[in-house]
Every structure is written in C-alpha cells, then in structure tokens.
Amino acid sequence: MAVRVGVLGATGAVGQRLIQLLEPHPDFEIAALTASESSAGKTYRQAAKWRVDSPIPADVAEMTVTATDPAEVPNDVDLLFSSLPSSIGSEVEPDFCEAGYVVSSNSSNARMAEDVPLVIPEVNADHIDLLEVQRDERGWDGALVKNPNCSTITFVPTLAALEEFGLQRVHVATLQAVSGAGYDGVSSMEIIDNAIPYIGSEEDKLETESKKLLGTFEGAALDLHDVEVGASCNRIPTIDGHLENVFVETESDVSPEEAAEAMREYPGLDLPSSPGQLIEVFEEPDRPQPRLDRTLGDGMKISAGGIRESTFGLQYNCLAHNTMRGAAGASVLNGELLLEKGYL
C-alpha cells in the first residue's frame with residue numbers, strides 16, 4: 001500500500017514542486033494539503049496559482065486545502081513534507097511532531113539543531129538515525145528531518161566525493177537562480193541586466209550546513225567536520241539552476257583526473273528519486289551550464305566540470321537544479337529514506 005502523505009505550505013513554489021513529484025510517486029499518495037488560513041476551505045485549484053511547468057494533477061486540484069494545524073490533518077497520514085517559511089515552520093513543525101507525524105522539511109529552521117538530522121541521503125544517510133536521539137530527548141512520537149539549503153546541496157556531494165583526499169579548506173562562490181528567492185523574492189527591475197552580490201543569511205548556511213553534512217555520527221551525537229568553508233553568494237538572472245565555483249585545498253595532492261574519477265564513481269542510492277549516477281562530470285571547460293544541464297537525472301543529478309589545478313589546490317564548477325534537487329526533490333528523497341529505514 002502507498003504511504004499517505006501531506007504537504008504543509010502546499011500553495012507555494014516548493015509546495016507545488018512537491019505535488020508535481022508526489023502525484024506520480026510509486027510509494028506515496030497525497031492525502032492532505034495545508035496552507036494559510038486565507039486558503040483553508042478552498043479547493044487546491046482555487047487556492048494555488050499554479051506555476052509549475054506541467055499541468056496541475058486533476059485529483060489534487062479538487063482536494064480541499066486545510067489550515068496548517070495538526071488537528072486539521074487526518075490521523076492516517078504517515079508523512080508530511082514541509083515547505084513552510086522558516087518563521088512558520090519553527091512554530092508549527094514541532095506541534096506536528098508532538099502529534100505523532102513524521103515531517104520531512106525543506107524549511108531552514110532547526111537545520112543546525114543537535115538532535116535534528118540534516119540529510120542528503122547519498123552523502124550521510126546514516127545521520128537519519130539521529131532521530132532515535134531526537135525522540136528520546138523530546139518525547140516525540142513523530143520526528144523531524146531536514147534537507148539542507150539549495151546552495152549547500154549543490155556543492156556538498158562533490159566535497160563528499162573528494163573526502164578521501166582529506167578536505168582542509170573550501171572557498172565557494174555561488175551564482176544562484178531567482179527561483180531560489182520564491183516567485184515574489186526578486187523583482188524584475190532588480191535582476192534583469194544585473195547581478196546582486198548578496199543573499200541574506202545564505203553564506204552562513206553554506207559554511208555551517210556543509211560541516212554538519214560531512215560530519216560523523218557515532219550513535220549518540222554528531223561531530224561536525226573540521227573543514228573550513230568560506231562562501232560568497234550572488235543572485236543572477238537565471239530562472240532555475242544554481243551554478244557554483246569551488247576551490248578546494250586537500251591534505252593529499254589530487255590531480256584533476258583523480259578528482260573527476262572520484263566524482264564519477266561516487267555512488268547513488270537505490271531509492272526512487274536518486275539518480276543512478278549522482279554526479280555527472282563534464283570534460284568540456286564551459287560546462288555545466290544552468291540552461292543546458294539543470295534537468296539531468298530529472299533534475300536530481302549534480303553536475304561538475306572545469307576541473308583544474310589552481311593556486312588553492314583544486315578548482316571546479318558544479319550545478320544543481322535548486323527547486324528539484326535543492327528543495328522539493330531533496331525532501332521527497334529524505335521521505336524515501338525514512339520509509340526504507342523503517343521510520344514510517
């Protein structure tokens with residue numbers, strides 16, 4: 001039987017992507033949609049201004065949207081995907097967990113909490129067992145797992161592939177698409193013919209979340225990785241796809257050829273949303289590019305290219321689809337991991 005799931009914040013940009021991915025999913029069945037009080041009681045078609053590049057699923061369109069309250073979600077829903085703004089998520093996600101719901105969340109609140117697993121399944125699937133600590137400490141019947149920021153997801157898998165050479169220092173400059181700010185996040189007058197060299201709080205997310213993702217979990221607590229990470233974040237006028245320039249210093253010398261091979265051979269997982277090959281490596285020096293490469297692996301692949309030696313050791317570019325691999329797809333993948341590991 002399919003696992004009955006719900007979407008918290010279903011009318012927003014990431015909520016719509018979640019519905020696009022969940023509606024045909026082999027293991028999940030959409031059974032609940034929540035949004036703001038102003039949307040509650042409306043059909044989803046009435047409440048959501050659908051902006052995804054595929055038709056709104058007919059059965060979802062006629063579902064009734066409820067308020068984002070545990071009392072409004074059916075008890076037989078086993079898993080909730082949260083795309084709530086962090087200010088709202090920080091208030092209501094714990095309420096859902098206390099009520100017994102398992103929540104796979106894209107929201108930024110609590111990502112760095114010591115007992116909340118922050119997970120990219122291909123990188124640190126074992127961190128999901130931090131949920132046992134979480135349940136013991138908080139007394140929850142439910143659970144809360146987070147996926148990282150869309151810009152963090154883009155470069156951390158490439159770092160994980162290079163971990164065998166001993167990560168010491170990483171510098172990353174991001175070129176981030178406007179969809180990462182949400183539909184109303186950046187006005188056309190700001191971004192057309194322009195680049196904005198600042199995205200509030202984004203640099204801190206790359207610098208801290210990466211250390212948690214690459215850390216080690218021994219069963220009782222998680223130890224952060226000691227790699228030093230510095231980031232500079234920029235908004236550019238592409239719609240989807242975050243491109244990042246990465247400079248890596250390692251303990252052992254690593255040639256571009258060895259780095260490319262390590263990335264190509266880095267394993268995926270046998271989960272429905274995980275691509276067979278996680279990292280696509282290009283030989284061409286001008287790839288990857290957002291318009292050409294963001295939809296590789298149905299938007300779930302990481303791509304890398306331009307791998308070369310630099311005065312800092314190793315230099316390369318990487319790319320991921322920020323609303324698929326970097327947001328909705330990441331939450332769905334964590335939901336698949338929760339199911340595989342028996343937390344549902």
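Guide: In this predicted model, a residue is called buried when its relative accessible area is under 20%.

Visitor: Why is serine 151 called buried?

Guide: Serine 151 has a relative accessibility of 0%, and the cut-off for a buried residue is under 20%, so serine 151 counts as buried. Its place is in helix α7, which covers residues 150-162.

Visitor: What makes the link between the side chains of serine 151 and asparagine 149 a polar contact?

Guide: A polar contact needs a pair of N or O atoms within 3.5 Å, one able to donate a hydrogen and the other to accept it; the side chains of serine 151 and asparagine 149 are joined by such a contact at 2.3 Å. The side chain of serine 151 also makes a polar contact of 3.1 Å with the side chain of glutamate 202.

Visitor: Which residues is serine 151 in contact with, leaving aside its neighbours within four places in sequence?

Guide: With heavy atoms within 4.5 Å as the criterion, serine 151 is in contact with Thr174, Gln176, Glu202, Leu206, His242 and Glu244.

Visitor: How do you know that the radius of gyration of the protein chain agrees with that of a compact globule?

Guide: For 344 residues a compact globule would have a radius of gyration near 20 Å, and because the protein chain has 19 Å, the value agrees. The C-alpha atoms fill a box of roughly 60 × 50 × 35 Å along the principal axes, and buried residues make up 57% of the protein chain.

Methods. Residues numbered from 1 in each chain as written. Predicted model: local features only at pLDDT ≥ 70, side-chain atom pairs only at ≥ 80, totals over all residues. Heavy atoms only, no water. Rg over C-alpha atoms; globule rule 2.2 N^0.38 Å. Buried < 20%, exposed > 50% of the residue type's maximum accessible area, 1.4 Å probe, protein only. Helix = DSSP H or I, 4+ residues; strand = E, 2+ residues; numbered from the N terminus.
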